[in-house]
Every structure is written in C-alpha cells, then in structure tokens.
Amino acid sequence: MGKTNLSLFEDENTLVREAKELINNKNYDEKTLTNMLTLMVDQFDKLIRDAEKIIRIGDGQQEYLHKIQNELRREIKDRIRAEEKLKYIAAIDSLTSCYNRGMGITFLQNEINNIRRNRGYFSICYIDINGLKYVNDNFGHFEGDELIVMTCKFIKNVISDSDILCRLGGDEFIILFPNSKQEDIENILSIILSNIENENTKKLKPYDVSFSYGIIQVDSDNNYSIDHIIQLADTKMYKYKQKYKQKNTNSVKP
C-alpha cells in the first residue's frame, strides 16, 4: 500500500528532489530557476485540479447517498401508509364507514375481558333497519344503501366517541356502550328515534326511516359468551320489531 501511494506522486517527488539538489549545490542561474519554478507551478496546478476532481467525486457520492436515503424514507412512509390502509380496509365497512363485523366482535370480546377484570359493566344495542327489502324492491338498491347510510348518520350524531357502532351485515348493526347502564341507553335510543321521526315529517324521501332495536346490559357476574350476548340483544330487537309491525305507523314495511 505504501509503494502504491508513493507512485501516485512520483513526478512531484522527483521535481521536489531536483529542486532541493539545485538549491543545495548553489549551481543555478536565472534560466534554470525559471524553468524549475515553471515546472513546480505547473505540477502544483495539476495537483489542485486532481484534488478538485476528488472533492467533486466525494460531493457526488454524498449527494447520491443523500438521494438514496430520501428514497428509502419515502418507501418506508409509503409502506406504512399502505399497511395503515390495509388495516383500515380490514376493519371498516366500506358503505357506512362504521366498524365491520370482525372488528365489532373484537371490540365486544375486549369489553367482556375488561369488565371481568375490573368488575364493571357495559350495554349492547342490536339494531335492525326497518323496511330495507321494501326500499330495495321498490326504489332500487342505491336507495337502499342510502337508507342504511342515513340511519348510521342519525346514530352517529347522538352516540359519544367512546361508543362503538359496528355493521354486522346487511341491515343489522350493534352499538357497544362501555360503562353504560341499560336505562341510559334507552334514553339515547329515544333521542335518535325522535330525530329520525322529525326528519320523516319533512317527507324528503318516498319512505320513512326507522329501525328496531334491543338492548341488554352485561355485568361482570354474567358468564355470557359473545354469541349469547348477541342472541339476547337480537331476541329483544325481534320483540320490538313485532310491536312495530302491529303499530304499522310508517309507510315502509318492516
């Protein structure tokens, strides 16, 4: 390695050695000094240009590395966004932007585990939109989707951020109310239905919006499974729907 480094500056070393010999021997004249000085200036100029090339190469490498780092950062950010999008797609119902069935079951299981650890309670409301089939058959599936979306908006406008609305599928939903008693949820549902009824009086649609529901409260002492909790709420919803059918006050068929 040492010999290689010396060979890179062989011409310069030879020139310096000859200049030193010339000075030490004091055997020089003006022409000789001028020639020697000219050679040294030319050689020094060459060294400066070579050094500038090395610096430019170094700067170029730094710029290239910086470019690679930026590209890696962008790729990492893109992958993170893609993963977040996939998680969102896996958790959210595309029509209503509510949580889907899978996430609803997960939230419900987490809440069951939570009340068993902390001796707490929660309430769950099972909802079935009235008349979806009637709307689909008479006004088209686009209008049926609109009925589902409108119902969700009425619900979201009243429930709190800590409450969880999930679409089980079709016209069926559950709302999870952490740390809430059944009587409190009855009041919330009354407000939602009252808001819907006020909107129905405007006759903006060729049908009325409504839904049937069933609420149960789950305590830490209840050893209910997820399926049993949903079944209990579904049963209470069915009883509500039967009463709704008997009243038959809305233009939409249940």
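Predicted model: local features only at pLDDT ≥ 70, side-chain atom pairs only at ≥ 80, totals over all residues.
Q: Is R167 buried or exposed?
A: A residue counts as buried when its relative accessible area is under 20%. The relative accessibility of R167 is 13%, so R167 counts as buried.

Q: Which side chain is joined to that of R167 by a polar contact of 3.2 Å?
A: R167 touches several residues beyond four places away in sequence, including D93, L95, Y99, I148 and F173. Besides that, a polar atom of the R167 side chain lies 2.9 Å from the backbone oxygen of G170. The side chain joined to R167 by the polar contact of 3.2 Å belongs to D93.

Q: Now to the sheet: which strands stand at its edges?
A: The sheet is open, and its four strands pair in the antiparallel sense in the order β2-β3-β1-β4. An edge strand has a single partner strand, so one side of it is left without a neighbour in the sheet. Neighbouring strands here are turned by 20° against each other on average, direction ignored. The strands at the edges are β2 and β4.

Q: Which residue of β3 does I124 stand opposite?
A: Strand β1 spans residues 121–129 and strand β3 spans residues 172–178. These two strands pair in the antiparallel sense over seven bridges. In β3, the residue opposite I124 is L176.

Q: At about what angle does helix α8 run to β4?
A: Helix α8, residues 226–247, lies across β1 and β4. Its angle to β4 is about 145°.

Q: Are α4 and α8 roughly parallel or roughly perpendicular to each other?
A: The axes of α4 (residues 101–118) and α8 come within 10 Å and cross at roughly 105°. Angles of 65 to 115 degrees count as roughly perpendicular. The two helices are therefore roughly perpendicular.

Q: How many residues of the contact of α4 with α8 are nonpolar?
A: On the α4 side the contact is made by I105, L108, Q109 and I112, and on the α8 side by I226, I229 and I230. One residue of this contact is polar and none is charged. The number of nonpolar residues is six.

Q: What is the relative accessible area of Q109?
A: Q109 has its place in helix α4. Q109 is partly exposed, and its relative accessible area is 31%.

Technical notes: Residues numbered from 1 in each chain as written. Heavy atoms only, no water. Pairing = 2+ DSSP bridges. Axes fitted to C-alpha atoms, helices over the stretch in contact; angles between N-to-C directions. Contact = heavy atoms within 4.5 Å. Parallel < 35°, antiparallel > 145°, perpendicular 65-115°, else oblique. Nonpolar A, V, L, I, M, F, W, Y, C, P; charged D, E, K, R; others polar. Buried < 20%, exposed > 50% of the residue type's maximum accessible area, 1.4 Å probe, protein only. Polar contact = N/O pair within 3.5 Å; in protein donor to acceptor, adjacent residues only side chain to side chain.
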